[in-house]
Amino acid sequence: MLGGDGKRLKGFDVKVENVSRAFGDFKALDDVSIEIKRGEFFSLLGPSGCGKTTLLRIIAGFDNPDSGSVLLDGKNILHLPPEKRPVNTVFQSYALFPHLSTYENIAFPLRLKKIGEKELDAKVQEYLHLVQLEGHETKKPSMLSGGQRQRVAIARALINEPNVLLLDEPLSALDAKLRQNLLVELDHLHDQIGVTFIYVTHDQSEALSVSDRIAVMNHGKVLQIGEPFEIYENPATDFVARFIGETNLFPAVVRKCVPLHDYFLTTLYIEELESEILVTDYDNLPVGQHVSFTVRPEKMKITTDKPTHVSKDINLFRGIIEEPIYSGFQSKYYVLLDNGTIMKVIQQHANYMDEGPEIEWKEQVYVSWSAEDGYIVEVVDS
Amino acid sequence: MSKKRPKLKPTTLVELPKETVGVYRPPRQQVFRDHRRFGFSNIVLVLVILFLFMPLFVVITYSFNASKGMRWTGFSLQWYYKLFFESRQLWRAFLNSFIIAITSSVVATILGSLAAIGIKWYRFKSRSYIQVISFLPMVLPEVIIGISMLIFFSAVKIPLGMFSIFVAHTTFNLPFVLLLVSARLDEFDFSIIEAARDLGATERQSLTKVVIPSIAPALLSSMLMAITMSLEDFVITFFVAGPGSTTLPLYVYSMIRYGVSPVVNALSLVLVLGIMVIALTFRRFLKTIAASS
Ligand SMILES: Nc1ncnc2c1ncn2[C@@H]1O[C@H](COP(=O)(O)OP(=O)(O)OP(=O)(O)O)[C@@H](O)[C@H]1O
Ligand SMILES: [Mg+2]
């Protein structure tokens with residue numbers, strides 16, 4: 001665990017305004033605008049090739065946008081070369097200098113500044129301590145483990161005391177277990193030093209677990225910016241709903257919209273399900289409007305017996321288990337509904353099971369969810 | 001309806017017999033024993049070593065001979081005395097060789113590594129042609145290179161001498177440097193250049209503090225190779241040497257034309273020892289920097 005008595009540094013806010021970058025005809029970034037608050041742990045999340053690295057390289061100064069601007073602490077930095085920006089990067093491949101020891105790798109930025117030997121040593125020791133690499137000073141990068149290399153890369157990027165730290169998938173080369181541990185360490189480190197973190201990842205669970213806010217990107221566009229729970233519970237588009245976690249998503253048409261307390265009880269017709277379902281929404285949608293409807297698998301219930309007391313706002317479907325996937329703490333079922341559509345349902349195993357999961361392959365089941373647990377995603381214009 | 005998982009009884013723990021508890025017994029190691037001590041491969045090994053080093057041993061032995069011929073007449077250091085105190089011309093030739101080896105290897109290393117960097121990092125039209133053509137001198141017979149150099153020098157009116165030898169040696173060393181440095185660049189991680197810039201280095205600093213040091217092992221080993229190849233070259237030098245530019249191999253050749261002088265034997269031992277000292281020191285040095293890449 002990253003511990004010690006590291007000092008708090010100053011985080012800057014970062015403003016990306018209408019940035020576009022094309023490679024030939026291909027738009028890697030298309031009018032991207034993001035505001036990152038000072039000291040925030042901000043994640044850029046998106047599938048491979050969506051332009052995350054391109055955006056990071058523009059902020060770091062390795063690439064220039066075709067249009068738009070990047071403001072750091074209110075000042076445009078686009079005209080500055082990388083070495084003049086108060087930003088440092090942890091590279092995906094770590095990019096450690098192979099000919100230098102751990103100590104010299106971390107000391108590299110200070111040596112360039114021609115800092116006195118005593119002050120330099122004190123500082124390097126401080127950062128070695130921060131990332132818990134004491135005792136590895138003399139090792140060359142080739143002799144370090146993946147996790148240790150990553151820490152050298154972080155210490156080296158932090159020793160300049162940048163106001164913004166950019167991290168380009170720093171954990172992607174590590175195995176799952178180590179990744180989890182280092183992610184927690186990274187989070188601690190962030191809390192400790194107070195620098196703005198911009199963290200690039202294509203792993204949604206990574207982003208959800210540590211970020212203050214997340215920007216979800218696809219095809220060079222920012223689709224949604226929000227806190228992790230907002231992005232998970234209220235996805236702005238079909239893509240976000242599908243990319244973050246698992247979900248059941250259907251195109252639907254509004255049939256009826258009835259005000260109820262402070263929201264609207266909406267009736268949707270879903271062609272794939274050949275039936276109407278109920279869902280609550282804050283908008284009064286016009287009848288005939290095309291929308292997308294989504295319901296997360298873990299919010300649904302699955303039973304072998306038909307529920308006897310069904311309240312009016314419960315959606316209920318019958319089907320058979322097409323494929324049960326048992327994974328210890330939960331089971332995921334692909335349920336083939338009577339109308340031929342497959343629904344994903346996740347059941348948590350909260351109790352001790354003596355006899356294994358009680359729902360089995362090809363068994364007939366009932367799938368249900370309440371109107372409040374569904375969500376209308378993107379209002380698709382027809 | 002469906003089969004249930006059988007209910008598992010809790011497993012009872014078996015108590016281990018007392019004496020095995022806590023005693024670690026290493027697994028019995030299998031020892032491979034060679035029954036035929038002098039197997040075929042050993043014989044071949046000995047023969048090859050003999051074949052390779054016998055001439056050297058003979059030369060070294062006779063360098064301590066008291067008389068000239070092949071008859072052993074007693075131990076003496078007279079040839080060493082002659083070598084060190086009465087062979088001014090030989091040392092002159094040695095100096096020539098040394099100067100040419102150092103200058104041509106340094107220039108070949110600089111040009112070759114710049115060429116390798118250019119070919120690897122920049123895309124241009126004739127890239128692949130240059131790559132192929134630059135390896136030609138490596139496969140061409142030395143005689144042909146020597147003759148063509150000679151023709152070239154006389155065509156452009158460069159007088160034959162130290163300079164022409166230097167040019168020739170630089171030329172035939174270039175492809176080797178190019179090859180070695182390219183191989184190193186193949187595994188070069190470009191992001192370390194960006195990392196250097198990111199951490200505050202200017203473009204110049206990232207070249208001198210990061211790129212060059214991290215390919216230093218390749219630069220050093222290609223320079224060492226260039227030095228040895230230049231020192232030992234006879235054929236090409238033979239064609240392009242002029243008056244007053246005799247190198248050591250040329251001089252030794254001229255000495256033994258009239259029968260082997262035992263001074264050459266003495267020189268052999270001195271050279272072998274000198275090269276061994278250099279090679280061992282550099283091997284140490286190379287090993288430490290090789291560990292870094
Ligand atoms: N120098 C370049 N020349 C041409 N195309 C490029 C260049 N750099 C990036 N691209 C393209 O821009 C797109 C976005 O690249 P980018 O590296 O930003 O993706 P990414 O989101 O970081 O993906 P990953 O998660 O795989 O790292 C890709 O389709 C890529 O092919
Ligand atoms: Mg990337």
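Predicted model: local features only at pLDDT ≥ 70, side-chain atom pairs only at ≥ 80, totals over all residues.
Figure 1. Setting aside neighbours within four places in sequence, B:Phe64 is in contact with B:Trp72, B:Gly74, B:Phe75, B:Ser76, B:Leu77, B:Tyr80 and B:Leu269. B:Phe64 itself is placed in the loop of chain B between helix H1 (40–62) and helix H2 (78–85). A separation of 7.8 Å lies between the C-alpha atoms of B:Phe64 and B:Gln78, two residues that are 14 residues apart along the chain.

**Figure 2. The shell of residues around ligand 1.** The residues around ligand 1 are A:Phe23, A:Phe26, A:Ala28, A:Ser48, A:Gly49, A:Cys50, A:Gly51, A:Lys52, A:Thr53, A:Thr54, A:Glu169 and A:His202. Divided by class, this shell has 4 nonpolar, 6 polar and 2 charged residues. Helix H1 of chain A supplies the largest share of the shell, with 3 residues.

**Figure 3. Polar atoms of chain A facing oxygen atoms of ligand 1.** A polar side-chain atom of A:Thr54 is found 2.5 Å from an oxygen atom of ligand 1. For A:Gly51, a polar backbone atom is 3.0 Å from an oxygen atom of the ligand. In the case of A:Glu169, an N or O atom in the side chain is 3.0 Å from a ligand oxygen atom. Ligand 1 taken alone exposes 640 Å², and the protein buries 59% of that area. Two or more residues of the shell around ligand 1 are given by each of two elements of chain A, strand E2 (26–36) and helix H1 (52–60).

**Figure 4. The contact between chain A and chain B.** Chain A contributes 30 residues to this contact, and chain B contributes 27 residues. About 2500 Å² is buried between the two chains, and carbon and sulfur atoms give 54% of that area. On the side of chain A, the residues that lose the most area to chain B are A:Glu83, A:His99 and A:Leu112, which together account for 24% of what that side buries.

**Figure 5. Salt bridges and polar contacts across the interface of chain A and chain B.** Between the two chains, 2 salt bridges are found. A:Arg57 forms a salt bridge with B:Glu194, and the closest N and O atoms of this pair are 2.8 Å apart. The count of residue pairs in polar contact between chain A and chain B is 7, with both residues at pLDDT 80 or more. The elements of chain A that give two or more residues to the side touching chain B are H1, strand E6 (87–90), helix H2 (102–112) and helix H4 (146–158). By class, that side of chain A has 15 nonpolar, 7 polar and 8 charged residues.

**Figure 6. A:Gln148 in helix H4 of chain A.** The side chain of A:Gln148 reaches the backbone nitrogen of A:Ser145 at a distance of 2.9 Å. When neighbours within four places in sequence are left aside, A:Gln148 is in contact with A:Leu133 and A:His136.

**Figure 7. The salt bridge between A:Glu233 and A:Lys299.** Over all chains, the structure holds 22 salt bridges. In the salt bridge that A:Glu233 forms with A:Lys299, the closest N and O atoms are 3.3 Å apart. A:Glu233 lies in helix H7 (residues 228–233) of chain A, and A:Lys299 lies in the loop between strand E14 (290–295) and strand E15 (301–303) of chain A, so the pair ties together parts that are 66 residues apart in sequence.

**Figure 8. A:Asp66 in the loop between H1 and strand E4 (67–72) of chain A.** The side chain of A:Asp66 reaches the backbone nitrogen of A:Ala22 at 2.7 Å. Apart from neighbours within four places in sequence, the residues in contact with A:Asp66 are A:Ser20, A:Arg21 and A:Ala22. The C-alpha atoms of A:Asp66 and A:Met300 are separated by 47 Å, the two residues being 234 residues apart along the chain.

Technical notes. Residues numbered from 1 in each chain as written. Chains lettered and ligands numbered in written order. Heavy atoms only, no water. Near = heavy atom within 4 Å. Polar contact = N/O pair within 3.5 Å; in protein donor to acceptor, adjacent residues only side chain to side chain. Areas by Shrake-Rupley, 256 points an atom, 1.4 Å probe, with all protein chains shown as cover. Helix = DSSP H or I, 4+ residues; strand = E, 2+ residues; numbered from the N terminus. Nonpolar A, V, L, I, M, F, W, Y, C, P; charged D, E, K, R; others polar. Contact = heavy atoms within 4.5 Å. Buried area = accessible area lost by both parts, 1.4 Å probe. Salt bridge = Lys/Arg side-chain N within 4 Å of Asp/Glu carboxyl O.
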